[in-house]
Amino acid sequence: MKYKKLIFDLDGTLVSDRESMKYAFCCVLKELGIAPSMDLALEWLKFDDAYWHEIESGRTVFPEYVQTKEDRRVYAQAMRFVLFFESFPISFEQAIHFNDVYCENLGMNIVPILGAEELLCFLTENYEIYIATNGPRRSA
């Protein structure tokens with residue numbers, strides 16, 4: 001056998017990250033006192049995708065005070081909430097809090113991709129299975 005170990009990406013491969021993101025965003029809306037809306041959640045997904053593509057493209061200019069990799073992460077995560085809620089202004093500090101609420105709730109609504117569990121069970125007979133994600137990390 002050529003391979004002994006297989007690595008799967010978690011989000012979008014084994015579980016629907018979109019469903020988790022919609023749920024987490026609705027938790028942010030509740031925190032803001034806004035009734036959860038699937039239309040608004042779908043708008044968030046579209047915005048969030050475009051936002052991260054812009055960040056990853058390298059075209060985003062960070063303020064001078066954003067120096068470290070950790071500063072960039074916090075700034076980028078918070079600013080997406082500031083920008084999305086422009087018509088309902090929130091402070092940068094509130095945006096950091098809403099990002100925390102969002103990240104804490106991402107794992108609360110896990111929706112497996114159809115057939116993923118069966119595939120993993122089948123593969124474990126012959127392979128060591130590893131799962132990786134580039135999603136937000138939370139320390140205990």
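Which residues does Asp 48 touch, not counting residues up to four places away in sequence? Asp 48 touches Met 21, Arg 80 and Tyr 102, where contact means heavy atoms within 4.5 Å.

The structure is a predicted model, in which local features need pLDDT of at least 70 and side-chain atom pairs count only at pLDDT 80 or more, while totals for chains, interfaces and linings use all residues. Residues are numbered from 1 along each chain as its sequence is written, and side-chain values use heavy atoms, with hydrogens and water left out.

**The chain as a whole**

The chain contains five helices and two strands, these being DSSP runs numbered from the N terminus (H or I, at least four residues, for helices; E, at least two, for strands). Along the sequence, the elements follow the pattern β-α-α-α-α-α-β. The C-alpha trace spans about 55 × 35 × 30 Å along its principal axes. Of the 140 residues in the chain, 31% are buried, where buried means under 20% relative accessible area, exposed over 50%, and partly exposed in between (1.4 Å probe, protein chains only). Among contacts between residues at least 6 apart in sequence, 68% join residues at least 24 apart.

Asp 48 is placed in helix 2 (residues 38–57), and it counts as buried because its relative accessibility is 3%. The side chain of Asp 48 makes a polar contact with the side chain of Arg 80 at 2.8 Å; a polar contact is a pair of N or O atoms within 3.5 Å, of which, within protein, one must be able to donate a hydrogen and the other to accept it, and residues adjacent in sequence count only if both atoms are side-chain atoms.

Two packed helices are described by the angle between their axes and the distance between the axes. The axes are lines fitted to C-alpha atoms, for helices over the stretch in contact, and the angles run from 0 to 180 degrees between N-to-C directions.

| Helix pair | Angle | Axis distance |
|---|---|---|
| Helix 2 and helix 3 (residues 69–84) | about 135° | 11 Å |
| Helix 3 and helix 4 (residues 92–106) | roughly 100° | within 8 Å |

Helix 2 is therefore oblique to helix 3, whereas helix 3 and helix 4 are roughly perpendicular to each other; angles under 35 degrees count as roughly parallel, over 145 as roughly antiparallel, 65 to 115 as roughly perpendicular and the rest as oblique.

Where helix 2 meets helix 3, the residues involved include Asp 48, Phe 47 and Trp 52 from helix 2 and Arg 80, Met 79 and Phe 84 from helix 3. The residues of this contact of helix 2 with helix 3 divide into twelve nonpolar, one polar and three charged, with Ala, Val, Leu, Ile, Met, Phe, Trp, Tyr, Cys and Pro counted as nonpolar, Asp, Glu, Lys and Arg as charged, and the others, Gly among them, as polar.

The contact of helix 3 with helix 4 includes Arg 80 of helix 3 and Tyr 102 of helix 4, and by class it has eleven nonpolar, two polar and one charged residues.

**Tyr 23 and Asn 105**

Tyr 23 lies in helix 1 (residues 17–32) and is partly exposed, with a relative accessible area of 33%. Leaving aside neighbours within four places in sequence, Tyr 23 is in contact with Asn 105, Met 108 and Asn 109. Tyr 23 and Met 108 are 85 residues apart in sequence and 8.0 Å apart in space, C-alpha to C-alpha.
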